[in-house]
Amino acid sequence: MESETKPSPGNGGGFLLWAFAFAALLFSASAQAAPHPLDPLSAPEIRQATAAIQRAGFGTARIHSIEVQEPAKDAVLRWQPRDPIAGPLARRAFAVVRRDQRTYELSIELGTGAVQSREVPGVQPGLVPEEYAAARAAAINDRRFVAGLLARGVRNPSAVICWTFSAGTFVHESFRGKRVAQVQCTEPAGTTINPFARPLTGLSALVDLDAGVALEVIDTGARPLPRPAEFETTGKRSAARAFQMEASDQVIRWDAWAFHWRIDPRAGLVLSTVTFDGRPVLYQGSLSEIFVPYMDADPEWNWRTFLDAGEYGFGRMSTELVPGIDCPEGARFFDATVAWPGDGRPQTLDDAVCVFERDANEALWRHMEELTSTRAGRARFDLVMRQTAELGLYSYTVDWVFGAGGDITVEVIANGIDGVRAASGADAHGRIVAPGLMAPAHDHHFAFRLDTDVDGTANRFVTGRFALEKPAAAGGRSVWVLREQAAAREQDAIGRIDLGNPAHWRIEHATAKNGLGQPTGYALVPGDNILPLMPADDPGLSRGGFAAQHVWVTPYDPQERFAAGAYPNQAAGDGLPKWTSANRALGDTDLVLWYTMGFRHVPAPEDWPVLNARKLKFSLVPFGFFDRNPAVR
């Protein structure tokens with residue numbers, strides 16, 4: 001044990017030694033206070049920064065923000081975990097404050113308390129909570145606003161709930177330079193968690209936050225108050241609860257959903273007669289085709305434009321699903337039987353399908369109303385039905401996911417091994433993934449056939465396009481509006497995802513209406529996607545011509561089940577492009593919606609020796625099918 005030398009009043013040298021050591025200890029503790037130079041400010045550091053701001057002459061200023069001031073990037077990159085947080089990495093805070101209607105930025109050295117400040121003219125920092133109440137008070141104390149409340153039957157202004165919103169730049173020229181906000185209110189009678197349900201439409205106030213007065217009150221006329229739309233304030237569902245599903249032969253019932261399932265030797269998992277609370281949504285849904293064209297000019301590869309379902313059979317290539325890997329523990333497993341090609345003997349596919357309830361570990365819906373200190377939410381659990389097929393190099397998993405909100409999501413998970421060829425170096429058609437091995441680039445396209453029966457078979461396909469308008473009342477703003485048109489014929493319904501000209505696609509019933517008088521419908525919500533980069537006359541694309549568009553719609557024909565045609569092997573030019581060239585009528589009839597999604601695979605060394613899963617998805621989401629959110633009880 002080391003001896004300890006204590007300072008004494010008579011030992012000046014010892015005292016100086018102790019003082020120096022103590023100062024070094026403090027410096028070391030300060031320098032090592034944060035384990036990483038990018039750590040957020042600790043509570044003591046925030047207090048240090050606040051004290052430094054006050055000492056620097058900003059005692060009357062409103063602090064809008066204090067955060068860590070990041071060191072220079074090169075210093076952070078050079079830092080090692082055992083290095084002190086000192087020198088160029090020394091802890092600093094950055095603050096934005098407002099004093100006398102002026103905005104300042106402050107840099108604070110936390111070790112010394114030194115402050116550097118500069119004014120930033122012509123800017124307004126973000127709103128702070130204390131301004132919310134001040135803005136509300138300015139609105140409800142204005143006689144014009146009170147008159148608007150009276151016109152809407154609100155006799156007690158203190159009963160309304162108001163929100164303070166940033167006003168953007170769309171204010172009258174005479175108000176520029178002021179610190180302003182918009183105030184809008186609701187009348188919360190009969191509500192707790194959802195006061196938004198009863199907005200005082202047509203009444204708002206533009207408030208000067210510095211002066212505490214309403215600059216302008218806009219009243220475009222009273223409108224009837226809507227009815228309350230409350231929902232439960234409980235509903236947390238335990239992940240440990242029992243799996244609540246009924247299975248009778250090939251029929252599955254879960255929550256409000258019911259459907260029939262089977263394994264088709266070609267298409268794989270086929271779901272039929274899908275209903276929600278007894279109402280038809282989807283007569284039949286299945287994978288229709290997989291198109292995998294390789295991008296290699298080598299004669300050994302240039303013909304590789306596979307149509308996996310039609311050429312090999314997605315269903316009969318089903319693989320046995322393994323608990324704990326393919327499906328979670330506790331899933332229900334089902335065998336399937338198919339006729340094996342060749343002698344046609346029945347073949348049992350052990351554990352070809354699994355069904356399980358999936359905890360999404362997120363809220364299906366949630367809301368916390370700060371003004372009433374109330375919160376509500378419901379955990380998201382989905383039912384998943386899964387099948388996996390092994391098709392040579394790749395295995396594909398298809399999940400049909402049913403949500404308590406009435407939504408159906410289809411997910412494709414691609415796993416596998418890159419197709420490779422020996423090569424001494426990379427060329428334009430692929431990349432080296434291992435010594436001496438080049439993996440050619442390629443695409444994967446998955447076509448799905450969705451025989452939609454939304455509230456019955458009399459359906460129509462509606463395309464909405466987003467158009468910009470600049471109404472005079474918008475204060476110079478451009479706003480988008482949705483202009484919709486039902487497709488009269490097949491060529492009208494063909495569509496592709498275009499971020500520059502987006503579309504809103506849905507199937508709706510020809511006559512059925514919801515309680516609000518709107519057509520009942522389901523919208524198609526795409527996910528990530530690609531298009532083939534081949535020209536229309538490319539012989540490879542002629543085999544998978546369906547992939548040239550994302551959306552097709554056809555009148556129901558039981559013979560038209562497969563997007564590339566009934567017999568794609570050694571064939572081309574059949575399927576959706578051929579069928580829709582007839583341009584058949586689509587109005588108010590039994591429709592089939594076809595959707596194709598895909599991904600472009602540029603191989604990388606990380607894909608070898610086996611690539612990690614790639615997931616694609618799209619959804620059918622209720623759009624006017626219900627009168628309100630069906631997941632709210």
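Two strands are taken to pair if DSSP finds at least two bridges between them. Helices (H or I, at least four residues) and strands (E, at least two) are DSSP runs, numbered from the N terminus. The model described here is predicted, so local features need pLDDT of at least 70 and side-chain atom pairs count only at pLDDT 80 or more, while totals for chains, interfaces and linings use all residues. Residues are numbered from 1 along each chain as its sequence is written, and side-chain values use heavy atoms, with hydrogens and water left out.

Strands of a sheet pair through backbone hydrogen bonds, either parallel or antiparallel. Between E1 and strand E2 (residues 92-99), the antiparallel pairing runs over six bridges. Within this pairing, Ser 65 stands opposite Val 96 in E2.

The side chain of Arg 91 has two partners to look for. One is the side chain of Glu 45, with which Arg 91 makes a polar contact at 2.8 Å. The other is Pro 40, whose backbone oxygen lies 3.0 Å from a polar atom of the Arg 91 side chain. A polar contact is a pair of N or O atoms within 3.5 Å; within protein, one must be able to donate a hydrogen and the other to accept it, and residues adjacent in sequence count only if both atoms are side-chain atoms.

Helix H5 (residues 143-151) comes next, and its buried residues are Phe 145, Gly 148 and Leu 149. Seen down the axis of H5, these residues fall within an arc of 100 degrees, so they line one face of the helix; the arc is that of the directions from the helix axis to the C-beta atoms. An α-helix has 3.6 residues a turn, so residues three or four places apart point the same way. The buried residues of H5 pack against helix H4 (129-140), E6, strand E7 (203-208) and strand E8 (213-219), where contact means heavy atoms within 4.5 Å. On the face turned away from the buried side, H5 carries the exposed residues Arg 143 and Ala 151. The N-terminal end of H5 is capped by Asp 142, with a side-chain oxygen 2.9 Å from the backbone nitrogen of Arg 144. After H5 comes Gly 153, whose phi is positive, near 85 degrees.

Disulfides are pairs of cysteine sulfur atoms within 2.5 Å, and by this rule the count comes to two. Cys 162 is joined to Cys 185, with an S to S distance of 2.0 Å. The torsion about their S-S bond is about 95 degrees, so this disulfide is right-handed. The pair links distant parts of the chain, 23 residues apart, with Cys 162 in strand E5 (residues 161-166) and Cys 185 in strand E6 (residues 180-186). Cys 162 and Cys 185 are both buried.

In the other disulfide, the sulfur atoms of Cys 327 and Cys 354 are 2.1 Å apart. A torsion of about -85 degrees about the S-S bond of Cys 327 and Cys 354 makes it left-handed. Cys 327 sits in the loop between helix H6 (308-312) and strand E15 (332-339), while Cys 354 is in strand E16 (residues 346-369), 27 residues apart. Cys 327 and Cys 354 are buried too.

Some backbone details remain. Most residues other than glycine have a negative phi, and most peptide bonds are trans. Thr 273, in strand E12 (residues 268-276), has a positive phi near 45 degrees. A cis peptide bond joins Trp 608 and Pro 609, with omega about 10 degrees.

Conventions
Buried < 20%, exposed > 50% of the residue type's maximum accessible area, 1.4 Å probe, protein only.
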